[in-house]
Amino acid sequence: MSTTTETTTTYAPAAEILGTVLAPGAKPPRPSAWSASMTFGWRAMLKIKHVPEQLFDVTAFPLMMTLMFTYLFGGALAGSPTEYLQYLLPGIMVTSVVMITMYTGVEVNKDIEKGVFDRFRTLPIWRPSTMIGYLLGDILRYAMASTVILLVGLVLGFRPQGGLAGVVGGILLLLGFSFAFSWIWTMFGLMLRSEKSVMGISMLVLMPLTFLSNVYVQPATMPGWLQVFVNANPITHLVASVRSLMAGTPDLGELTWVLVASVLLIAVFGTLTMRLYNRK
């Protein structure tokens with residue numbers, strides 16, 4: 001009877017090899033704030049590529065809104081749909097874009113539920129870049145919605161007196177305000193527990209703001225007590241500014257109001273968003 005003895009040899013790396021592996025080397029440079037923000041913005045756009053169904057709200061919804069309100073109210077309010085369209089289209093553009101700003105908060109809330117934010121917080125990046133990335137990606141959606149409405153309006157007979165410069169200026173102003181306004185929904189996306197809660201709160205805010213404004217009719221035709229709210233409504237000022245630019249008669253007072261309001265929205269809700277993000 002024979003006994004076989006097995007020996008196990010443990011490999012021990014030489015000291016000089018360990019020293020080479022563990023020696024501190026040159027670390028990759030930390031990404032700049034701009035680079036990190038653009039990377040997260042690209043991530044937001046890749047979501048559109050993989051889930052193209054989410055473009056429904058920036059294509060079919062604006063198209064439906066434009067056609068429905070033009071032909072539903074045009075004859076009664078202005079005598080003809082074409083005449084009413086000259087007044088309506090800038091307002092419908094504002095309404096459609098402002099309504100879809102809520103999806104920024106919804107996407108933020110989804111990433112929190114999936115645990116993605118836990119990974120983001122460990123990265124050596126500029127903290128606000130994750131939030132700014134969402135907003136940069138959504139600017140593409142806002143631009144698409146504005147373009148769809150403009151093209152449909154031109155086909156139906158909309159003729160902006162301000163020409164190309166007025167149209168571009170109006171859309172850029174709308175995109176800038178929507179970027180600022182979206183910080184409200186990033187705050188709610190961090191604060192609330194589910195995406196349904198974010199959507200519920202956003203609709204509760206957006207419906208009165210968009211309908212109780214100068215989008216569909218002149219405020220002068222409304223009861224006095226309602227005019228007080230309508231004239232103080234930020235959407236009213238935004239619509240008036242976009243209309244004035246597209247009409248070729250820029251209203252400096254309204255433009256100043258919108259620009260100042262945009263800065264204040266970013267300063268207030270951007271600060272609250274980042275405070276919640278750091279504590280989440």
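This is a predicted model: local features need pLDDT of at least 70, side-chain atom pairs count only at pLDDT 80 or more; totals for chains, interfaces and linings use all residues.
**Overall build**

The protein chain contains 12 helices and 0 strands. Read from the N terminus, its elements run α-α-α-α-α-α-α-α-α-α-α-α. The chain has 280 residues, and 42% of them count as buried. Among contacts in the chain with a separation of 6 or more, 78% are between residues 24 or more positions apart.

**Two packed helices**

Two packed helices are described by the angle between their axes and the distance between the axes. Helix H4 covers residues 81-99 and helix H8 covers residues 163-191; they pack at an angle of about 30°, with their axes 10 Å apart. An angle under 35 degrees counts as roughly parallel, so H4 is roughly parallel to H8. The crossing of H4 and H8 is right-handed. Which residues meet where H4 and H8 pack? From H4 come Met93, Val94, Val97 and Val98, and they meet Ile171, Leu174, Ser178 and Phe181 in H8.

**Aromatic rings**

The count of aromatic pairs is 8. A pair of aromatic rings is described by the distance of the centres and the angle of the planes. Phe40 and Phe120 form an edge-to-face pair, with 4.9 Å from centre to centre and 80° between the planes. Phe40 lies in helix H2 (residues 33-50) and Phe120 lies in helix H6 (residues 116-122), so this pair ties together parts that are 80 residues apart in sequence.

Are Phe40 and Phe120 buried or exposed? The table gives the relative accessible area of each residue. Buried means under 20%, so Phe40 counts as buried, and Phe120 also counts as buried.

| Residue | Relative accessible area | Class |
|---|---|---|
| Phe40 | 10% | buried |
| Phe120 | 9% | buried |

Elsewhere, Phe69, Phe73, Phe211 and Tyr216 form one aromatic cluster. A ring can also have a charged residue over its face, as with Tyr87: Arg243 lies over this face, at 3.6 Å from the ring centre.

**Phe269 and its contacts**

Phe269 is in helix H12, which spans residues 252-279. Which residues does Phe269 contact, leaving aside its neighbours within four places in sequence? These are Trp183, Ile184 and Met187. Phe269 and Trp183 are 86 residues apart along the chain, and their C-alpha atoms are separated by 5.6 Å.

Terms used
Residues are numbered from 1 along each chain as its sequence is written. Side-chain values use heavy atoms; hydrogens and water are left out. Rings of Phe, Tyr and Trp (its six-membered ring) pair if their centres lie within 6.5 Å; planes under 30 degrees apart count as stacked, over 60 as edge-to-face and the rest as tilted. Helices (H or I, at least four residues) and strands (E, at least two) are DSSP runs, numbered from the N terminus. Buried means under 20% relative accessible area, exposed over 50%, partly exposed in between (1.4 Å probe, protein chains only). A charge sits over a ring if NZ of Lys or CZ of Arg is within 6 Å of the ring centre and within 35 degrees of the ring normal. Axes are lines fitted to C-alpha atoms, for helices over the stretch in contact, and angles run from 0 to 180 degrees between N-to-C directions. Angles under 35 degrees count as roughly parallel, over 145 as roughly antiparallel, 65 to 115 as roughly perpendicular and the rest as oblique. A crossing is left-handed if the near helix is turned anticlockwise from the far one by less than a right angle, and right-handed if clockwise. Contact means heavy atoms within 4.5 Å.
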